[in-house]
Amino acid sequence: MFETLQAQPSDKILALMKAFREDPRPEKIDLGVGVYKNAKGQTPIMRAVKTAEKQLWESQDTKSYVGLVGDPAFADAMISLILGDAVARETVAAAATPGGTGAVRQCLEMAKMANPKLRVFVSDPTWPNHLSIMKFMGIEVVPYRYFDNETRGVDFDGMLADIKQAGKGDIVLLHGCCHNPTGANLNLTEWQIVADTLNATGATPMIDIAYQGFGDGLEEDAAGTRLIASSVPETLIAASCSKNFGVYRERTGLAMAVSQDSSAKALNQDTLAFLNRQNYSFPPDHGARVVTMVLTDPALRADWEAELEDVRRGMLKLREQLAGELQRASGSDRFGFLAQHRGMFSRLGASADLVEKLRAEHGIYMIGDSRMNIAGLNEKTVPILADAIVKSGI
Ligand code: LMR
């Protein structure tokens with residue numbers, strides 16, 4: 001029967017990871033997959049995570065099932081991290097998921113159950129896997145303008161005109177912070193206008209927040225999500241712990257459905273539990289438990305916040321260094337946007353041919369749409385990249 005299967009397009013990001021691994025050139029630079037790396041090129045286990053894991057190893061006495069939506073303490077800790085006191089806890093239904101991707105999938109499943117003819121408005125561009133998942137699920141995707149290729153900032157007028165076309169029963173997918181792949185983000189005034197627009201049209205927001213703490217700080221990066229969740233009747237949120245806790249392979253995420261009408265919570269909660277049962281039964285526990293320990297133990301939390309802040313500042317420094325080196329190498333300010341972008345990614349705005357030239361001639365790997373992972377750089381490789389960019393004619 002399997003002869004009827006058709007080969008699927010390979011994921012651009014994962015294909016690039018493989019190509020990088022197979023490249024024998026010692027000077028190669030990996031600016032591909034969105035994984036944080038320190039100056040030595042390592043993706044370390046965060047100190048607080050390691051400590052919590054040790055404590056867990058000592059104290060855990062069973063690996064029996066927890067619950068269909070995971071440990072409620074994980075949901076409590078994450079809801080408080082992401083939403084603060086923007087909404088009342090009893091308005092939020094939540095289920096632990098395998099990573100942020102699992103949360104994206106479960107939120108979309110829930111929206112599709114509510115409206116089988118669902119349309120999802122997505123930023124152009126967005127994380128490629130958003131598009132792939134929705135195509136696989138048979139969900140109609142409607143792109144909205146987002147990235148301004150001239151300024152490398154947000155085309156807010158275009159975005160607004162396009163999301164005004166979404167109505168009741170549609171989802172508008174937003175990135176909570178550190179937009180992937182562009183690095184260009186909304187300011188708070190713009191978030192407020194988006195909230196007002198959603199209220200005017202009746203469309204429901206879904207926020208993917210995968211990089212809280214990587215942009216302007218833990219609180220600042222959640223501000224847009226908090227504003228939306230407290231302003232509109234219903235919000236879906238897909239959260240990932242992969243990056244800000246560095247627990248990529250533990251697959252730790254949370255799907256949330258916020259409803260201002262707290263009587264809706266029970267049904268939303270049952271729906272998320274049902275969806276977990278259909279797709280994988282119980283979500284993974286180890287990463288979620290470690291994250292809960294880190295968030296609820298004051299000493300571990302303080303250490304985690306301090307390390308995360310170092311990571312964030314390190315990336316900002318690299319951004320500033322790169323913008324400065326490019327100014328030096330090109331004699332122009334046209335790369336200043338790199339210091340304005342936030343998070344791990346920036347879209348350089350180069351053609352696919354130039355991106356390929358950087359790979360072939362300089363061993364510099366970035367995604368074909370010219371998304372680069374700033375954390376793949378270090379002080380020594382920044383000038384190398386700047387020279388290569390200018391030599392390639394970007
Ligand atoms: C990325 O965008 O590179 C990350 O979110 C990793 C992934 O799964 O694609």
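Which residue stands opposite Ala257 in β8? I looked this up before anything else, in a model that is predicted. I found Ala93 opposite Ala257 in β8.

**Entry: strand β8 and its partners**

I followed β8 to the strands on either side of that pairing. Strand β2, residues 92-97, is joined to β8 by six bridges, and the two run antiparallel. Strand β7, residues 234-240, is joined to β8 by seven bridges, again with an antiparallel run. Here I noted Ala238, which stands opposite Ala255 in β8.

Next I asked how many residues of β8 are buried. The strand covers residues 253-259, and seven of its seven residues are buried. I wrote down a general point: in a regular strand the side chains alternate between the two faces of the sheet. I then listed β8 by side. Gly253, Ala255, Ala257 and Ser259 are on one side, and Leu254, Met256 and Val258 are on the other. Both faces are covered, and the residues on each are all buried.

**Entry: the ligand**

Which residues surround the ligand? I listed Ile13, Val33, Gly34, Trp127, Asn180, Tyr211, Lys243 and Arg371. Sorted by class, this shell has four nonpolar, two polar and two charged residues.

I then looked up polar side-chain atoms and the oxygen atoms of the ligand. For Trp127, I found a polar side-chain atom 3.1 Å from a ligand oxygen. For Asn180, the distance from a polar side-chain atom to an oxygen atom of the ligand is 3.0 Å. For Arg371, the corresponding value is 2.9 Å. I also noted the area: the ligand taken alone exposes 260 Å², and the protein buries 80% of that.

**Entry: Asn180 and the loop between β5 and α7**

I went back to Asn180, one of the residues around the ligand. Asn180 sits in the loop between β5 and α7. Is Asn180 buried or exposed? Its relative accessibility is 5%, and the cut-off for buried is under 20%, so Asn180 counts as buried. The side chain of Asn180 also makes a polar contact with the side chain of Arg371, at 2.7 Å. Arg371 is itself listed around the ligand.

The peptide bond between Asn180 and Pro181 is cis, with omega about 20 degrees. I placed Pro181 in the loop between β5 (171-175) and α7 (188-201).

Cys178 is found in the loop between β5 and α7 as well. Its phi is near 50 degrees, a positive value in a residue other than glycine. I noted that Cys178 is buried, with a relative accessible area of 3%.

**Entry: another cis bond**

I looked at the bond from Asp124 to Pro125. This peptide bond is cis, and omega is near 10 degrees. Pro125 lies in the loop between β3 (119-124) and α5 (128-137).

**Entry: Ser281**

Where does Ser281 lie? I found Ser281 in the loop between α9 (265-279) and α10 (286-296). Phi of Ser281 is near 60 degrees, which is positive in a residue other than glycine. I asked why Ser281 counts as buried. Its relative accessibility is 18%, and buried means under 20%, so Ser281 falls within that class. The side chain of Ser281 makes a polar contact with the side chain of Arg277, at 2.5 Å.

**Entry: Lys18**

At 48% relative accessibility, Lys18 counts as partly exposed. I then checked Lys18 against Lys380. The two are 362 residues apart in sequence, and their C-alpha atoms are 24 Å apart in space.

Note on methods. Residues numbered from 1 in each chain as written. Predicted model: local features only at pLDDT ≥ 70, side-chain atom pairs only at ≥ 80, totals over all residues. Heavy atoms only, no water. Near = heavy atom within 4 Å. Polar contact = N/O pair within 3.5 Å; in protein donor to acceptor, adjacent residues only side chain to side chain. Areas by Shrake-Rupley, 256 points an atom, 1.4 Å probe, with all protein chains shown as cover. Nonpolar A, V, L, I, M, F, W, Y, C, P; charged D, E, K, R; others polar. Buried < 20%, exposed > 50% of the residue type's maximum accessible area, 1.4 Å probe, protein only. Helix = DSSP H or I, 4+ residues; strand = E, 2+ residues; numbered from the N terminus. Pairing = 2+ DSSP bridges.
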